[in-house]
Amino acid sequence: MDIVFVGAGLANCLIAARIAERRSRVRVLLLEAGESVGGNHSWSYHSSDFGRMQHAFLSPFRAHVWMGHDVHFPAYSRILKGHYGTITSERMSQVMHERLHPSIRLNAKVAHVAADHVVLAGGERIDAGAVIDGRGSVSSRHLDLGFQKFLGQEVQLTRPHGLHRPFIMDARVEQIDGYRFVYVLPLDPQTLLIEDTYYSSGAELPIETLRGRIAAYAATQDWEIDHVVREEEGVLPIALGGDIGAFLAEAPQGVARVGLRAALFHPTTGYSLPDALELADLVSELPDLSGPAIAAFVRQHAARRWESRGFFRLLNRMLFRAAAPDRRYAILERFYRLPEDLIQRFYGDRLTFKDKARILTGRPPVSVLKALSCLPETKSAIGPR
């Protein structure tokens, strides 16, 4: 086998699909420990995150797209005009099976990875020219992290909800466990995805409590839930600091780690689709698809991305460490008053020097002394994980 992908999540699926599209002679194999490709997730994006060719590639994967989206805060609400889209794991699975069905193995738990082979839990060895590990985030003493954690419920209502656009942030809720907001996607006239989301210092996710909060939020919106179609949950890393070189060096020699496993995500928003698609484009164009070449390239790419994103990590430290937990929403409330094109560049990781100055100037919603204390970036985790 030329390339074995460990895990059939977002990053690995996009890389495999790009390679199949551009390098059809390359033999690939996707090994997924679970029962379906993509697991049980939704990946969203802003249309301004991508160029025309990237949109063309993503089009078959896209499950929903909306014209505009809303943000709500205690003192301020706003409609943003940019298109917003979502890829669902169900749609991801469908497209990947249409394109690569013979190259996908489900219920294939990997027990060991090396540069030129993997070993499954049952002992089967699969030799490979390259191994790409995309099994999600991994804890490390070399990263200083906060967390974006959520429980999402896709719910069928008893009557139409009347929403035409997503709520990508509704912070008009009780502020608990850090910065809390509710995220809502209208999937059809009577179906919503409602996610109760927290920017928190801890990774604990009290599922039953969050189910109750989602039900209470729906009641405040006069949405009567008939039944819950499915649930999804996540605990995503929010980067505050760290030693990226030491973190990346933890990977087995010659194995390329991708996606969250390589810290390839937007440090502040946690969005991973733009990074995953960018890496898929770059890897699929490499002249050498051997294991050592891919591993070296991905490691260098992940390090460059990390180094270029220090400003976002600074903002994160201010959010997590300079603001009182129940007042963190004020930082986001202030941010969403900025010009929409700046907000688009923020999400797309294209901030200019002028943008950064605009974000930091003005009356800060946090203590200046505490904000100044956040300037130094630590090179390791703070406290136990």
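**Cores, sheet and helix packing in the predicted model**

Of the 55 residues in the largest nonpolar core, Ile3, Leu14, Met92 and Met96 touch the most other members. A nonpolar core here is a set of buried Ala, Val, Leu, Ile, Met, Phe, Trp, Tyr and Cys residues joined through side-chain atoms within 4.5 Å. Buried means under 20% relative accessible area, exposed over 50% and partly exposed in between, with a 1.4 Å probe and protein chains only. Helix H1 supplies the largest share of this core, eight residues. Apart from this core lies another, of 33 residues, including Tyr179, Tyr329, Tyr336 and Ile359. The model is predicted: local features need pLDDT of at least 70, side-chain atom pairs count only at pLDDT 80 or more, and totals for chains, interfaces and linings use all residues. Residues are numbered from 1 along each chain as its sequence is written, and side-chain values use heavy atoms, leaving out hydrogens and water.

Leu14 touches Phe57, Phe61, Met92, Leu273, Ala276, Leu277 and Ala280, not counting residues up to four places away in sequence. Contact means heavy atoms within 4.5 Å. Helices (H or I, at least four residues) and strands (E, at least two) are DSSP runs, numbered from the N terminus. H1 and H6 pack at an angle of about 35°, with their axes 8 Å apart. Axes are lines fitted to C-alpha atoms, for helices over the stretch in contact, and angles run from 0 to 180 degrees between N-to-C directions. The crossing of H1 and H6 is right-handed, that is, the near helix is turned clockwise from the far one by less than a right angle.

H6 covers residues 273-284. Ten of its twelve residues are buried, so H6 is largely enclosed by the rest of the structure. Among the buried residues are Pro274, Asp275 and Asp281. Their cover includes helix H1 (10-22), strand E3 (42-46), helix H2 (52-58), strand E5 (76-88) and helix H7 (291-308). The expected span is 1.5 Å times one less than the number of residues.

Eight strands form an open sheet of mixed pairing, in the order E3-E5-E4-E12-E13-E14-E11-E15. Two strands pair if DSSP finds at least two bridges between them. E3 and strand E15 (225-242) are the edge strands, each pairing on one side only. The twist averages 25° from one strand to the next. Three bridges join E4 (residues 64-73) to E12 (residues 167-170), and these strands run parallel. His72 has Asp170 in E12 as its bridge partner. Helix H4 (residues 207-220) packs on the sheet, touching E11, E12, E13, E14 and E15. The direction of H4 makes about 125° with that of E14.

Strand E14 (residues 191-200) has ten of ten residues buried, so E14 is largely enclosed by the rest of the structure. Thr191, Leu193, Glu195, Thr197 and Tyr199 point one way; Leu192, Ile194, Asp196, Tyr198 and Ser200 point the other way. Both neighbours of E14 run antiparallel to it: ten bridges join E11 (residues 143-157) to E14, and nine join E13 (residues 179-188) to E14. Gln156 stands opposite Thr191, and Tyr183 stands opposite Glu195. E13 and E14 form a hairpin with two residues between them.
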